[in-house]
Each structure stands twice: as structure tokens, then as C-alpha cells.
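I opened my notebook to jot down what I looked up.

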Protein chains: 4
Amino acid sequence: MLDAPLVLKSIDNQQSLIKIGENCVIGGKEIVMIAGPCAVESAAQMHTVTERLSVCGVQAIRGGVFKPRTSPYAFQGMAEEGIEILRSIERQFRLPTVTEVMSAEQLALLSPHVSMLQVGSRNMQNFELLKLLGKTDKPILLKRGLAATIEELIMAAEYICAHGNNQVVLCERGIRSFDTYTRNVLDLGAVVALKQMTHLPVIVDPSHAAGKRELVADLARGAIACGADGLIIECHPEPEKSVSDARQALSLNDMEKLMVSLGPIARAVGRTMPQAVQAPQLSIVPIRPLVTSK
Amino acid sequence: MLDAPLVLKSIDNQQSLIKIGENCVIGGKEIVMIAGPCAVESAAQMHTVTERLSVCGVQAIRGGVFKPRTSPYAFQGMAEEGIEILRSIERQFRLPTVTEVMSAEQLALLSPHVSMLQVGSRNMQNFELLKLLGKTDKPILLKRGLAATIEELIMAAEYICAHGNNQVVLCERGIRSFDTYTRNVLDLGAVVALKQMTHLPVIVDPSHAAGKRELVADLARGAIACGADGLIIECHPEPEKSVSDARQALSLNDMEKLMVSLGPIARAVGRTMPQAVQAPQLSIVPIRPLVTSK
Amino acid sequence: MLDAPLVLKSIDNQQSLIKIGENCVIGGKEIVMIAGPCAVESAAQMHTVTERLSVCGVQAIRGGVFKPRTSPYAFQGMAEEGIEILRSIERQFRLPTVTEVMSAEQLALLSPHVSMLQVGSRNMQNFELLKLLGKTDKPILLKRGLAATIEELIMAAEYICAHGNNQVVLCERGIRSFDTYTRNVLDLGAVVALKQMTHLPVIVDPSHAAGKRELVADLARGAIACGADGLIIECHPEPEKSVSDARQALSLNDMEKLMVSLGPIARAVGRTMPQAVQAPQLSIVPIRPLVTSK
Amino acid sequence: MLDAPLVLKSIDNQQSLIKIGENCVIGGKEIVMIAGPCAVESAAQMHTVTERLSVCGVQAIRGGVFKPRTSPYAFQGMAEEGIEILRSIERQFRLPTVTEVMSAEQLALLSPHVSMLQVGSRNMQNFELLKLLGKTDKPILLKRGLAATIEELIMAAEYICAHGNNQVVLCERGIRSFDTYTRNVLDLGAVVALKQMTHLPVIVDPSHAAGKRELVADLARGAIACGADGLIIECHPEPEKSVSDARQALSLNDMEKLMVSLGPIARAVGRTMPQAVQAPQLSIVPIRPLVTSK
């Protein structure tokens, strides 16, 4: 029996609600959509993305400012400059932001300015980081490691809870297999199992699992049908120009279509999708110096 | 580029329709449901199962008469006696039957009496068997091997087509991974990829992937949301008494609930579910003792 | 506890000796070397290979005449013509031959003419084939499936034994993993485990595991140091011209060097290597054109 | 082509020598043996272990003081108290010590007192940690992640080198697979590939791969035969009482036998084993109670 008293359900159908920012709640009847580019590349990019996504009903914006890259010579993220952009997005659009944290030093920089902190796959068993995050008051998005078992993911969440922070959202994002056609294998069975075993919300990242944008929408629909509480999707104003993971980012048009297509699926499993907003909310706010007079 | 001219799509949105029995077509707008026990155990068992399934709209009945078992000392199937039962079910209920074939000898026995022949995971690259099946006129259900890549599955189907039989339905049924919580990892990304790459219908077996009955329904819904053309589900009148794979079989009640729950999902992706029949078709036939009209 | 009474050791250090041909015994103090090309391509090729290998001490010759190929359009082996070549090699050089069998039909063709029958990875759980081989009197080389557990390999061997033939040699040949640098991952831990658990001889195929010839010799030495009873190695007179698996075949020169290098390793673990023959046994036989003394 | 100019070989047969402590060099003709318990448990335990190992020729002592444990409720290591023990061992026996580091904070504590810092599997892609280690002057033992490709391991080493520290030793310690008989699958093919591709020394940890002590010695011999530059082995005065990984630790007697058995293997591949010392170096020091000369 797994020794995870803080993460495993103690009573039937117990479900935690995790709040990010002021209005977004993960784990309730409404599906939560988190979207945005792999990496924050510029203020203009983030503004374009957020303006469009906020209109379709996306409730939180993702964007990496510290990027874990296989090569030390690859773009490592905009760091402080990127944090400033996230901060400005959060204030301007009143949407919570989600970004990855990889060390104590980054935590100190990010914590005052973003709404949710992500632990990436590579750090799922970076226990010293998990302990630190247990001492913050921020909600944590904990991604499953590439070769982590379901039980190890639960125990990683238990680390955060045991150190004082029970605002944890679990995320299935694909595991490593022998097949190279998809980047990773999206393990929706793990989503079903985690929903049954734990009271924490479980969301799905179909973008990293698929690694190919043409597979993302179908997997997103499958995830909601399986019972996921939300999705985190990579999208980009010009996907082919993305500095990282270009092959898997959706265009903003495709993102909008995906949002629409998820409504009937959500309803089919007793959930709701966030409402799309009719007109752009913030079209009069000038960016720097981006002019989006659409 | 994969050399599979008979299996890969040559034109956009090309879709083959594979007919099994007289009325069941896989690959069209209607989702096809194949269900039944892991193994044919008795005439009474098959009659009970089929009577109930036929009422909920299930279009084809599965049941193994030659069972590939890890141990030579485990139950190996009812063989000829089981074929007789399948034959009687097919005649009595006018529902096509699906069963596994593993050798030339079994093929000769099964071919006159069942509607669809299944190649199991362990034989996906039993090329001599594939060649033989290419020379039959029966539709083939080709299950993905436990460690077969998407491309190898396509090439296995190409074997059957290249030897003369293009009535092939592909089946994703979970792949091997490091995680032991689920029996296998259901790879719905492969379903999405196969639907995009090939013109063959693709169905999903969530029972073998999950290995635990409480995971089956959610995965079944996920599979349909991802675009699968149908499902093959293990169910049993008394699951805990099943001679094999007892842990993953649904009860007939759960099977009926699953059928109902799939309707909205199917419609959400532009498909339909088969109609449930209001009254049992064969209610006057006494179940035990079974009188099969040979 | 594994139900494999015929394969698991019943007493400590019990070790079966399996004889192939007239003089070759696998499982004794002497390491057994099986070598040859992936596929039999011509009489000249087989003659060149065997003449050279027999001089270095290789005790048995491999060569496929029925080839399991991923694509139906790839070379499928020389079939009957290849059997004739193997037969002539066996008579001329008095060396046993090993070749793969995939069906009852092939078994009938091969059985009278070759010394040892190989079950390939893809057929390790082709139970109908295993049952047939259980009824022959030929020694069987049973290769581990690409995703077969150690226990499943043992149970596959148990199938052959339970049907009457206990002349089984197990072969580790690499398993599937996420890494693509090597073709498969050679699992020498399985060799150690199998030697401890079973009384059957265990040999290793480093060629298929490595998939790259420059890795083969080191892995071969590692296998013997781990306790393997022998090796099966792919080699070719002109590796780059091999019709299949060209990338992994050793040249005959490299094969000879490998044989020499294995001597000290074998002795370090209390084994011996076969003696190299000083002068070519058959140097007067002209190689091209080949005159086989039928 | 892999962009790892600091790790990949630029000229043939280039080989880096990495010095740990005053006398131990990894990558030369002499095999380097690192051994000790999974975790430092007490001064007495470490003294007993080191006294015995130093006599058999072991050149460096391992022992974790910060332990990465799956559960937050499991023993997390002796921390500062353990560092003090390692320091005393290093002074008393003049043997270098190797221990795992997981964060900047631990690095500051460990750096002045141990000879080599280990990056564990779970942190192989903890890039912030790798960057920090690139700025130290300590040799680094970089263990391969459980699902890390060979190329990812090379790029992780490149991170350390690119940040200024080229004293990196690579370590293969088993990868995750579907098989549960061994804890992980020791990938000796990766060792062969890494020796060919990089100029860094490569050592092997058969203990974590095997997960069962009865498999360790054979795998250790296999690793040396494959070309590894050394081994890191878990051993314990009373293995069954080990606070962690008890199932895989060798007894000190078995460790001594292993050292002896490795000599002929090392010589068979042109290497040497360290000399065993005739008489215990420190036999006058009473073991319990331990008086450490601080």
C-alpha cells in the first residue's frame, strides 16, 4: 500500500479544488485550459497570444522563461526579462500565468510574479526542489517524469504536500517508449488511475506527448473524455518560427477550433468548457510598442 | 518513407469500410462495438452474454476458442467445441463472431464458421500466418504487438493486403512499459496517427491495455473521442469467475452502462452509436439449459 | 513461483548439455561459437564463410533461408535453394547448421537437413510453433522476444519441453528500449538470471542487440564474462554487401580477431574456447565456381 | 551530429584521466573500484567497511549522506553528521570519498570535505545543478538517468564541461524496462558506445542495475570485459540490515571475492586491477566504539 496519506483519497469521490490567480479553479466542473508558447520570446509574442487566447476562454497562460534544454548551447530562456513580460501579461489581461521553476534561485525570482509554478518532467524527482516548493504558498503544476511510474508521481506530490503545500495539480505529459513516431506515449490510463487514486486535479499536456501538432487536438479530446480536469497546450502565433518545440505548437486559429470542439466532449462527461468571450477584452491597451488594431 | 502502398492513404480522407457478417461495417459513421468474454467457456455463458449484448446494440461477439497462454499448463481454449458454440451463436443471434487464429491448422477449422479472424499481439509479426490470412476472404482484426512500432503494425497489415486480402482492421491494445499499475499503456496517439496515415479502420481494446475493469470505461470513452472507429471490450456474466483475464472483464451491467455513456461522446466527434434494442430479441429462448438448434 | 518444472533448476548447479550435430555440445566447459551470415545468399558466400570460420574454431554455422522481414516486399530468403546450400555445407565441412523456422510447412522442409532450429524473437510466443517443435527431435535455439520478460522466455521454453523436446538453448538478443543508438539493449542481467534459474544453456547474440558492428566484439566479451555458454554472431565475407542487417555483420577478419580475444576471457571465468585449426581444413576446394560434391 | 565538442572525442583514442583524491586516477590502465554502502549509517559502519575494502585494493569509498528517496517519509540521510564521518574516513584511510549532491545548498556543505561529487540518475537533467557543478573544481560522477538516451547523457556531461569543469566520469547504472526481475536493465552496449564516442572515463554500477546481490558479480565481470574503466559497487557489513537498497548490497566477504575474480578479466582486456594489500593497514584501530581523531 502506497504511503501517501496527503495525496491519496481518504474518502470516496473526494476532490481538491486548486485555485490559480483570482478566478481560475482546477478540479471543479469546469475544464481548465492553460495555453501559450513553449518559451516566452518577446512581449509582442506574448501579447498576441494572450489577447487571442483570452477571447476563446483560455483561463491561464503558460510560457517558459527558464528553459531546460538538452544542450547547454541551446536557448535557455529570457530569464528576468521574460519574468517582466509574464508579469505584465498577468496584470494587463488579469489571467494567471504558469511557468517552470528549476532551482531555489529561480524560485526566488519567479515566486512574486507568477501565479503557478511548474515542475518539469526532468525534475519530478528533484526532491530538494520539491521540498522548497512545499514551503511556498503557490499552486504547483507537477509534471510526470518521462519514466516515472504512477506511484512515483504520487510520491513526488506527497513530498510537496508533506512540506506544507497541498496545492498540487498533477500532469500527464507522455512517457518514453520504443516508438519514435510520436515524441512520447500519452498515458491516458494513468490519468484515469490518478483520478481514482488521488484527490488532486489531473491535467494533460498532449503537445509534449504528441510532438506533432496534427495529433494534438484528437489527444486533447481523448484526455477530456477520459476524465482529465484540464489541458495545457502549446500554441504560438507562428508555430514554425517557435524557438523551441516548433513541431508541436498549434497556431492560434487551430487553438480556437480546438476550444470549440471540446465543448460537446466536456458535456458528454458531465463537465463544462469555459465560455468564449465575444469581443476582445483589452483591445485598447497599447503594448510596447506592439499595435494590434484589429 | 514507409513502403506500404496498400495500407497508407493515397488520397486525403480516403477511408476503407470493412464489412463483417451481413450487417456490420467498420470504418463508417457508426461506431462498431465488439464485445464478449476472453474465452468461450460454455454454450450457456456465450448465450447469456450474447443475448444481453445484442440488446444494448453490440454489433459483434468476441470469444477465444484457441487461447495463447503464457504457460503451457494453463487452459488453452475449448477448440472444436468452442467453434461449435460460436457457430450456434452466430446463427441464433445473427451477429458476427470474432475469434483469434494462431496457425494454418486453426485457420482451416475456424474459417468456415466465424465472421472475423483475429491476429493476437504475440503473432503480429508471425509473417507466415499473415501470408496465409492474405489468401483468405475473411476480414482480419490485426492487433498491435506489445512492443511493435506504429510502422511495424502498418507493415504487418501490408503483408495481409499484399497477399490478397485488403479487409484489415487495425487494433491498438496497449504497449509494454515500465509501469505496472496498468497492464499495458494504451497508446491513443497511435490511434490518431494510424487514422491519419492509413485508410484502414482502427479500433481500440481498452480491456487488455487497462488490465483492471475500473479503468476500462474511461479509456473506452477516450478512444472514441480520439477518433477510433470502434471498440473491442471484454465482458463476462460473472467476471470474477472468468477462466482468464478475470481482473479486466466488465460485468454485463457495466457493459450496458458503457454503451449508453458512449453515445454523447460519439456524437461530439460526429459519429453515432448503434441503437439499443428496446426489448430483448430472443426472450423466448430459455437460457439454462441451452438448447442450440444444431 | 514460476510453474516451469521442466526448465527451472530442481537441484543446485544442474546444467543440461545440448548436443547439436555430431560433435558440438552447448552448456559444457567449452564456449560454443555459432557464426555466419544473416541470410544464405549463395553457395559461394556460404562456402567462403564456412571455410574461414571452421579454421578459427567456430563450431556451428548460422544462415537464414526463411527470413522474417518487416516488409513483405523485402527479400524473404532463398527457401528450398537455401536449404540445399545449408545441407551441402553441413556435409562438406562436417559442421552443424542453425537456421530459423517460422511455420509447420517450413519445419517439414528444414527438419531433415539442418542440425538446429531457431525460433526468432518475433515467434517466441507463437505457441503453436513451440508445440510443434516440442514434437521434433531437433535441438531448438529459442530467442527472447523483443519485449518478453525473463519469465515469459522461461515459459516459452517450458512449452517446447512440455510437448516432448527438452533440447532447448535460450538466447538473449537484446530488448526494445527508448534508446535508438544501439538497435536493442543487450540485457546481460537476463543471462545471469537465466543461468541461475534454469538448467538450460544460455547463449548471446550481440549482433542483433548492437546493430552496429563496432559494438559487437566488446559485447561478445562481456557476454562470456557474465557466464554465457556461447555466442551467435553475424559475419559476412563482404559485410557492406549483405542483403540484410549489413550494418551489424562482422567481416571474417574481425570474426577471427574476436575468436582470439575471447580465449583469455573464457579462461578468466573457468571456461575454454574451441581450438583454432592451424591450416585450413579444405584448402584444396576451389571457391568460385563452387563445386559441391552432392 | 551531436553538438558536444567538449565531450566527444576529437582525435582517435583520446582518453581523459580524471584524478580523485591524491592517488586515484580513472581512465588509465588500472581499473578503479569504488565501493561502500548505499547510505552512511554510522561511523562504526563506515570504519568497518573502509578498513576491509582498503585491504582488498578498493581505491575510493562511496556512501550517501543526502539520500534521494521516493517517499518523503523514508530515511533521507545523515546530512552534516554523515559528512563528518566521510571526512574522518578520508583522513584516516587516505582514501577519496564519493557522495551524491542534489542542490546548491548541499554542494556548499559537501564540497570542502569529499573528493568526488555524484549526480544521481534522478538529477541527470537537473541542468541548474549541472551548471553549478561546472563551476566547482571537484571531479563529478555523472550517472545516467533511468530513461536517458546515450546522447542525453553526453549532453548532460557537456553542460558540466561547458560551465568550466571537465573532470567528468560517466556512469551506466541500468535503465528502465518492462522486465521486473532485475531492478533495471544494465546497458553495457551504452558503455561500449560511450567509450567509442567520448574521451571521458566510463564506469558501471551493477548494484543498482541488478537490484539483487546474486547478480552483481557476474555483471561486474561483464562490465570490465566490455571495456568499463571501473565499477561502483554497493556493499555493507551486514547487507540485510542496510537502511536502503538492502537487497542489492554485497557482503564484505563477497566484495573481496569479487575483487579477486576481476583480476584475470582485467588482464584479458589489457587492464590491471589494483593490488590487494597484504596486511590490514590500520589493524590497531579499535572498531567499536569508534574514536575518530577529529
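Below are my entries on one helix, the nonpolar core and a pair of chains.

**Entry: the model.** I reminded myself that this is a predicted model.

**Entry: helix H4 of chain D.** Six of its eight residues are buried, so I noted helix H4 as largely enclosed by the rest of the structure. I wrote down the buried ones: D:Phe127, D:Glu128, D:Leu129, D:Leu130, D:Leu132 and D:Leu133. What covers these residues? I found that the cover includes helix H3 (104-110), strand E6 (116-119), strand E7 (140-143) and helix H5 (150-162), which belong to chain D as well.

**Entry: the core.** Next I checked the largest nonpolar core, which has 419 residues. Which members touch the most others? They are A:Leu142, B:Leu142, C:Leu142 and D:Leu142. I followed up on A:Leu142, skipping its neighbours within four places in sequence: its contacts include A:Val119, A:Met124, A:Ala156, A:Ile160 and A:Cys171.

**Entry: chains D and B.** I looked up where these two meet, and four residues of chain D are in contact with four residues of chain B. On the chain D side I got one nonpolar, two polar and one charged residue.

Then I checked how the two copies are related. A rotation of 180° with 0.0 Å of shift along its axis puts chain D onto chain B, with an RMSD of 0.0 Å. That is how a two-fold axis relates copies. The same surface serves both copies, since 100% of the contact residues of chain D recur in chain B.

How values were computed: Residues are numbered from 1 along each chain as its sequence is written. Chains are lettered from A and ligands numbered from 1 in the order in which they are written. This is a predicted model: local features need pLDDT of at least 70, side-chain atom pairs count only at pLDDT 80 or more; totals for chains, interfaces and linings use all residues. A residue is buried if 20 or more other C-beta atoms lie within 10 Å of its own, exposed if 12 or fewer, and partly exposed in between; C-beta atoms are placed from the backbone. Helices (H or I, at least four residues) and strands (E, at least two) are DSSP runs, numbered from the N terminus. Two residues are in contact if their C-beta atoms, placed from the backbone, lie within 7 Å. A nonpolar core is a set of buried Ala, Val, Leu, Ile, Met, Phe, Trp, Tyr and Cys residues joined through C-beta atoms within 7 Å. Ala, Val, Leu, Ile, Met, Phe, Trp, Tyr, Cys and Pro count as nonpolar, Asp, Glu, Lys and Arg as charged, and the others, Gly among them, as polar. Copies are superposed by least squares on the C-alpha atoms of residues with pLDDT of at least 70 in both.
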